[in-house]
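This report goes through one predicted model. Please look over the sequence and the coordinates before reading on.

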Amino acid sequence: MSAQIWALAGVLAVTVATFVVGWRASRLANTTQDFLVARRTVRSRRNAAAVSGEYLSAASFLGVAGLVLKDGADALWYPIGFTAGYLALMLFVAAPLRRSGAYTLPDFCEARLGSRALRGLAAVLVVAIGILYVVPQLQGAGLALRNILPWVPTWVGSAFVAIVVIINVFGGGMRAITVVQAFQYWLKLFAIAAPTLVLCVLFVGKGGVRDSDTTALSEPLPPTFTTASTINVETPVVLQAKETVKFYARGTIDGEDADGSAYWTAGSEHTVDAGTTMHFSQGSSVPVVTGAPADNASWFAPAATSEDVFTTYSLMLALFLGTMGLPHVLVRFYTNPDGRTARRTTLHVLVLLSLFYLFPIMLGVLSRLYVPELLVDGKTDKAVLALPLKVVPGLGGEILGAITTAGAFAAFLSTSSGLLVSVSGVLSTDVLRGRVRDFRFATAVAGGVPLALAIAVRQSDISLTVGMSFALAASTFSPILLLGVWWRKLTWVGAAAGIVVGGGLTLTALVISTISGLTGGWAPGWVSQPAIITVPSAFLAVFLVSKMTPAKVPSDVAQVRLRMHAPDGLGLTRDRAVASFGTAEERSRLADGRHRK
Amino acid sequence: MSKHSAGPGREESGPRSYSDPPTKPRRKRVVLADSRAPVTRLRTVVELEEQTSYGEELVRQLIRAQFKAAAVAWLSVVLTLAALPALFFFLPQLTLVTVAGVRLPWLAMGLAPFPLLFAAGYWYNHKAERQERDFVAMVEK
C-alpha cells in the first residue's frame, strides 16, 4: 500500500512541477512566434538539455530496459540508433536547415522546393508520424499508472497525461515547453541514474549472481523466479517452456479449462488465454513468450539467425535516418540563433543522450535476474517500474520505485508535449490560419485523436511502435532532407513521389504487422521494421522522379543553397517565421531593403 | 574680364556668362564609392548573391568540402557499427570473449558506440567550423 502512495506522490510531484514551470514561462508567451518557436531566445546549453529532455520518451526510459529484458543484446541497437540518428542530424541537416529559416518540415519543403502542394502533403505526414509516436507514450502512461494502482483501467493513465499535456501546451506553446523540457531532462536522468546506481551497489553487495539461485546470464538455461510469483494474463499469449515447469493455474490453457496444478514439459509451447492466473513457486523456471530468447545464453548473445540479423540492419537504418524526420526534433532547431550554434547544440545533445542510455541498459540486465516474471505475459515495459521493489524489498524499494515512476511520467509528459506542439503547429499553420486561436484549436485536436487511438488500439511494446514511427520518418522525410540539402536537382515532384512511395510502403507494413499480430503472428520480423525495404525505395523514387522532371527544379535553387550553406556571419540567412508571422517592426528590422522572398 | 559680354541684366540658359555670376557656387563633394569601406567584402558578398560564376564556384567548393567532412565522419561510424551484427553472426566464438568481466558484444554494442559517436561529432564540428572560418576570411579579404 505504501509503495503506491510513494509512487503516486512522485507522479503528482512531477506533474505539478511541470505545470508550475510551464505556467511561469507561459505568462510571457503571447505571439504566434512564441507559441511556435520560442522566439529564439533560448541559450545553447539549455536548448541541448531541452532537446534531450524532449527526445527521451517512454521508449528510452522504459522501452529500452524492457526490450533488453526480453531480447537481450539485440535490444542494444535501440539506444545506439537513437543516438546515431542525432549524429546524422548534426552532420547533414542541422546547420543548413537552421540557415534556411524554415521552422517546420513542411515549411522546409516549401522553402526549398517552392510547392504549396508538397507542403500540404508533408503536413499530413507530420501529423501521421506525430500520432504514431504519441500513441505508445499514452499507452505507456496507462501501463505505468496501472502498475501503481492495479484496479484502475488503463485509459485513466492515458487520459491523465493527455489532459495535462494539452493544458500545458494550450497555455504557452513552445516557450513554456522549452523550460519544462530542460528541467525534465535532468529529472529523467536523476530518475534513472540514482535507482540504477543504488540497485547495482546492492546487487554487487549481495554477491552478484553467484549468491542467488537465479540462472546466470550466460547459462543456456531459462531464467528462474526469484520469489513466488502470480501472474495475471490479460491478453492471450503463446509461451515456450525451455525446461519442465510445474505451476498452479486457473483459467484456460491450450483451449482447455485449467484449475489446479499444471505441468509443462521441456521444449513445449502452450497458448494461455486472457483472464488466466498462473502461480509459480520460487526457483521454478520461467516460460518465456515465443519470439523472445527462451534461455539466458541465447538472450545474452547477439542475433544468431539470419532473419534476426536482417531485422537488426533494418532497425539500424530506421533509427539512423529517422531522427531527422521526427517533427518534434526539427522544430527545436529553429530556437537556435544561427547554424553554428545549431550544430553545437546537437553535439551537446549527443553527450547528454549517451550519458542517459547507460542506465536503462544496466536496468534491463538486472531485470533479467530479478523480474523475469514479466517475460511470461510479455509486458516487459514495466521492468524499470517493478525492479526496485524486487531488489530492495521495503521502504527503500518503494522510494526507488516512486522515483522511476516519476521519471517515466516525466518521459510521457515531455515527449507528448513536444510532439503536440509540433503537430499542432503544423496543423494550425498549414491547415488553419496560423493565429494563436487556431493553434489552441489544433492542440485540442492533436491531443484528442492520439488519446482516442491509445484507448482503442491494443498495446504492444513501446519501443517497437516507436521504431515503426522512426521507419516512417526515415522513409518519407529523410530522403527529402538529405537530398534537399545536398543535391541541386531535387524537384517537388520527386519529393512527393518519395513521400508517397516511402510512406505508402511503411503504412502497408504497419497494417500487415497489426493484422498479423491479431491473427497469430505469421508475418516475418522485418515487416514490423520495414525500413530496409522502404527507405531505399523512397530514396530511389525521389532520385528517379527528380531526374525525370528537370523542369520542376525551383528557379531560386542557387539562392536557397547559398542561404543554407554560406557561413552565418555574411548576412545571407532569412527568417521565414518572422516573414510570415512577425510584426511589421520585426520584419523591417530584418529586411535588407531588397524585395526578394 | 570675360570674352563674352551679354549686356547688363540679361540671364540666359545658353553659354554661361562668367563676367558677373550672382553668387559663388558652393563646393560640393560627390562621392561615388566610400574608399574607407571594405569594398572587397561588399563586392564578394554581392558576387555570391548575384550568383556570378565566381561566386557560384566558391560556394560549390565550400559545399563539397562540408559534405566530404560529413561523409567521412558518418561512414567511419556507420561502417564500424554495421560490421558488428555481421561479425557476431559469422564468428560466434567472439560472443564468448570477455573483457574486464564483461562480454564483448555488450561492451561493443552497449558501451563503445557512444564515445565513438561523440568523437565523430566533435571532429566534424571542429572541421566544419574551420572550413567556414576559412571561407569567411577569404570572402572578407
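**Conventions**

Residues are numbered from 1 along each chain as its sequence is written, while chains are lettered from A and ligands numbered from 1 in the order in which they are written. The model is predicted, with local features needing pLDDT of at least 70, side-chain atom pairs counting only at pLDDT 80 or more, and totals for chains, interfaces and linings using all residues.

**Two chains**

Chain A holds 24 helices and 7 strands. Chain B has 4 helices and 2 strands, in the sequence order α-α-β-β-α-α. Helices (H or I, at least four residues) and strands (E, at least two) are DSSP runs, numbered from the N terminus.

Chain A has 597 residues, and 60% of them count as buried. In chain B, with 141 residues, the buried part is 21%. A residue is buried if 20 or more other C-beta atoms lie within 10 Å of its own, exposed if 12 or fewer, and partly exposed in between, with C-beta atoms placed from the backbone.

Two residues are in contact if their C-beta atoms, placed from the backbone, lie within 7 Å. Take the contacts between residues at least 6 apart in sequence. In chain A, 80% of these join residues at least 24 apart. In chain B, 52% do.

**Where the chains meet**

At the interface, 38 residues of chain A are in contact with 43 residues of chain B. On the chain A side, the elements giving two or more residues are α5 (77-92), α12 (306-322), α14 (339-370) and α22 (557-565). That side divides into 29 nonpolar, 5 polar and 4 charged residues. Here Ala, Val, Leu, Ile, Met, Phe, Trp, Tyr, Cys and Pro count as nonpolar, Asp, Glu, Lys and Arg as charged, and the others, Gly among them, as polar.

**Domains of chain A**

The assignment gives domain 1 (2-205 + 298-552) and domain 2 (229-281) in chain A. Such bounds come from an automatic or database domain assignment. The C-alpha centres of domain 1 and domain 2 of chain A lie 35 Å apart. Their contact takes 4 residues from domain 1 and 7 residues from domain 2. The domain 1 side has 1 nonpolar, 1 polar and 2 charged residues.

**A hairpin and a further strand**

Strand β3 (residues 245-253) of chain A pairs with strand β4 (residues 256-264) of chain A, antiparallel, over 9 bridges. Two strands pair if DSSP finds at least two bridges between them. The hairpin has 2 residues between the strands, and D254(A) takes a positive phi near 55° there. β3(A) also runs antiparallel to strand β6 (residues 276-280) of chain A, joined by 3 bridges. Some facing residues are tabulated below.

| Residue | Opposite residue | Strand of the opposite residue |
|---|---|---|
| F247(A) | A262(A) | β4(A) |
| A249(A) | M278(A) | β6(A) |

**Helices**

Does the length of helix α8 agree or disagree with its residue count? Helix α8 (residues 116-148) of chain A has 33 residues, which at 1.5 Å a residue should span 48 Å; its end C-alpha atoms are 48 Å apart, so the two agree. The expected span is 1.5 Å times one less than the number of residues. α8(A) is mostly covered, with 26 of its 33 residues buried.

Helix α20 (residues 492-518) of chain A has 27 residues and should span 39 Å; its end C-alpha atoms are 38 Å apart, which agrees. Just after α20(A), G520(A) takes a positive phi of about 115°.

G407(A) sits in helix α17 (residues 395-430) of chain A. G407(A) counts as buried because 26 C-beta neighbours lie inside 10 Å. Leaving out residues up to four places away in sequence, G407(A) touches F61(A), L187(A), K188(A), A191(A) and I192(A). From G407(A) to G504(A) is 97 residues in sequence and 36 Å in space, C-alpha to C-alpha.

**The core**

A nonpolar core is a set of buried Ala, Val, Leu, Ile, Met, Phe, Trp, Tyr and Cys residues joined through C-beta atoms within 7 Å. Which residues touch the most other members of the largest nonpolar core? They are L87(A), A408(A), F409(A) and A495(A), in a core of 206 residues. α8(A) gives the most to this core, with 18 residues. Domain 1 and domain 2 of chain A each supply at least three residues. A495(A) touches C109(A), L113(A), L118(A), I480(A), L490(A) and V542(A), not counting residues up to four places away in sequence.
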